[in-house]
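Take a walk through this fold with the viewer open. Start at a pocket, then follow the helices around it.

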Amino acid sequence: MTQFGTSGIRGPVGETVTAELALSVGRALGVDCERVVVGRDPRASGEYLQAALVAGLRESGVDAVDLGTAATPTIGRAVAWQDADAGVAVTASHNPPEDNGIKLWQPSGQAFDADLRATIERRLDENAFAPATWDESGDHESWDAGQRHVDALVAEVGEQDLDSHVVVDLGNGAGRVSVDALTELGCAVETLNGQPDGAFPGRPSEPKAEHCESLTTLVAESDADLGIAHDGDADRMRAVAADGTFLSGDVLLAVFARTAASPGERVAVPVDTSLAVEDHLSDIDVSVEYTPVGDVYVAEAASAEGVAFGGEPSGAWIWPERTLCPDGPLAACTAAALDSERPLGDRAVDVPEYPIRRDSVETDEKEAVMDRVRETVTETYDDVTTLDGVRVDLGDAWFLLRASGTQPLVRITAEARNPDRADAVFEEARTRLTDALV
């Protein structure tokens with residue numbers, strides 16, 4: 001059975017992800033599409049995977065709009081720009097270079113939801129597709145969507161002379177749009193790892209603090225106002241304050257959400273988000289709506305009325321009035337605009353930081369264990385969320401027990417407003433999990 005998860009299909013090239021699979025995905029999309037946008041990140045395997053996918057589309061009578069190497073948010077937006085039925089990003093996002101993947105997009109900019117993914121998966125498993133006749137094959141055209149994305153970002157952020165010095169670490173990925181848009185917005189832009197290279201020689205693709213030491217050092221030791229880091233396909237964005245502090249994902253989420261939402265509105269965040277975000281928003285009468293972990297789920301929640309923003313601490317940021325695709329370049333430009341008004345470092349100080357405890361326990365029966373956890377926890381506590389694992393809200397603290405999606409582990413997370421309480425809640429959560437292991 002094809003594993004078409006929330007991030008599409010991802011895995012090792014030649015094993016999970018093959019040209020045969022890409023061809024089949026093109027054919028499966030061709031059952032009910034007439035026009036599809038296709039692009040890829042800089043991984044070497046992406047060239048032939050994209051060619052195979054386009055072949056499957058054209059064989060099915062579908063017109064393919066080929067963006068070549070492009071950021072995933074560019075691909076997501078281009079579906080509507082091209083009046084297409086779907087979009088395909090050939091990318092493994094922040095995964096290591098030996099991986100690649102295929103992620104599908106709707107005209108709204110939202111990734112394929114569970115029902116749409118299930119439809120494609122069924123067609124793949126059943127070979128439920130058929131080629132067009134010889135004289136009805138689809139057309140193939142190339143289009144560089146980068147400038148269209150730049151123009152959209154400048155219009156959305158607002159034409160202004162930001163006059164900021166920004167260092168952008170592209171991680172050898174496809175995020176050049178950020179550099180061009182920031183330049184048009186008046187920033188002096190310096191780049192790190194700017195040459196697209198799917199082997200990611202400059203640093204690992206995921207923009208975590210430990211991977212971005214060159215960026216934090218350069219920002220701290222120069223007159224830069226801000227640092228920006230992207231992953232391989234630029235759907236993620238992380239930020240560095242002027243003093244070289246790599247801002248945590250929860251802090252950046254709180255900052256973005258506070259400026260995006262108005263009193264009475266909601267912000268969509270995953271269940272593992274810090275309590276600091278909710279606290280930072282409560283005094284402006286903005287509430288938090290929890291979702292399962294994954295930007296697909298955040299986007300689904302953000303599409304609802306009254307939700308002004310959606311974000312994941314991993315670096316996926318969604319402004320639903322602009323696009324439902326996590327748009328790293330939009331986040332980069334928004335961060336620069338906010339920083340020009342008031343430094344991000346100063347804004348970050350306003351966000352509380354609470355002690356958080358994490359661990360994991362190995363088990364080969366994680367589904368059965370989580371079933372037992374869910375039963376006992378829901379019987380014991382009043383405020384329990386089972387969207388993704390089991391999250392217990394204790395008012396001044398919370399804990400989350402959640403099975404890993406890829407490893408034989410159950411993860412434990414606990415947070416409180418003071419260290420002693422965090423330790424106590426963490427041990428409480430560990431006890432609940434230990435009891436369920438026997």
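A pocket here is an open set of grid points with protein on both sides within 12 Å along at least five of seven lines. Its volume is the space filled by probe spheres set on those points. Keep in mind that the model is predicted.

Begin with the second largest pocket. It holds about 340 Å³ of space. Its lining counts 15 residues. Closest to the centre are T259, A260, A308, W319 and R322. Which elements give two or more residues to this lining? They are α5 (146-157), α8 (249-260), β13 (307-312) and α11 (328-341). Helix α11 supplies the largest share, with 4 residues. Sorted by class, the lining has 7 nonpolar, 5 charged and 3 polar residues.

Now follow α11 to its helix partners. Two packed helices are described by the angle between their axes and the distance between the axes. Take α5 to begin with. The axes of α5 and α11 come within 10 Å. They cross at roughly 35 degrees, and the crossing is right-handed. On the α5 side, the contact uses H149, L153, E156 and V157. On the α11 side, it uses P329, L330, C333, T334 and A337. These residues divide into 6 nonpolar, 2 polar and 1 charged.

An α-helix has 3.6 residues a turn, so residues three or four places apart point the same way. Look for that spacing as you trace each contact.

Turn next to α6 (176-184). The axes of α6 and α11 come within 8 Å and cross at roughly 35 degrees. This crossing is right-handed. From α6 come V177, S178, A181 and L182. From α11 come G328, P329, A332, C333 and A336. The contact has 7 nonpolar and 2 polar residues, and no charged ones. Note P329 and C333: these α11 residues meet α5, and they also take part in the contact with α6.

Finish at α10, which spans residues 295-302. How many of its residues are buried? The count is 6 of 8, so the helix is mostly covered, with buried meaning under 20% relative accessible area. The buried residues are D295, V296, V298, A299, A301 and A302. What covers them? The cover includes helix α4 (114-126) and the strands β5 (99-105), β11 (266-270), β12 (287-291), β13 and β14 (316-318).

Conventions:
Residues are numbered from 1 along each chain as its sequence is written. This is a predicted model: local features need pLDDT of at least 70, side-chain atom pairs count only at pLDDT 80 or more; totals for chains, interfaces and linings use all residues. Side-chain values use heavy atoms; hydrogens and water are left out. On a 1 Å grid over the protein atoms alone, a cavity is a set of points where a 1.4 Å probe fits but cannot get out, and a pocket is an open set with protein on both sides within 12 Å along at least five of seven lines; lining residues have an atom within 4 Å of a point. Ala, Val, Leu, Ile, Met, Phe, Trp, Tyr, Cys and Pro count as nonpolar, Asp, Glu, Lys and Arg as charged, and the others, Gly among them, as polar. Axes are lines fitted to C-alpha atoms, for helices over the stretch in contact, and angles run from 0 to 180 degrees between N-to-C directions. A crossing is left-handed if the near helix is turned anticlockwise from the far one by less than a right angle, and right-handed if clockwise. Contact means heavy atoms within 4.5 Å. Buried means under 20% relative accessible area, exposed over 50%, partly exposed in between (1.4 Å probe, protein chains only).
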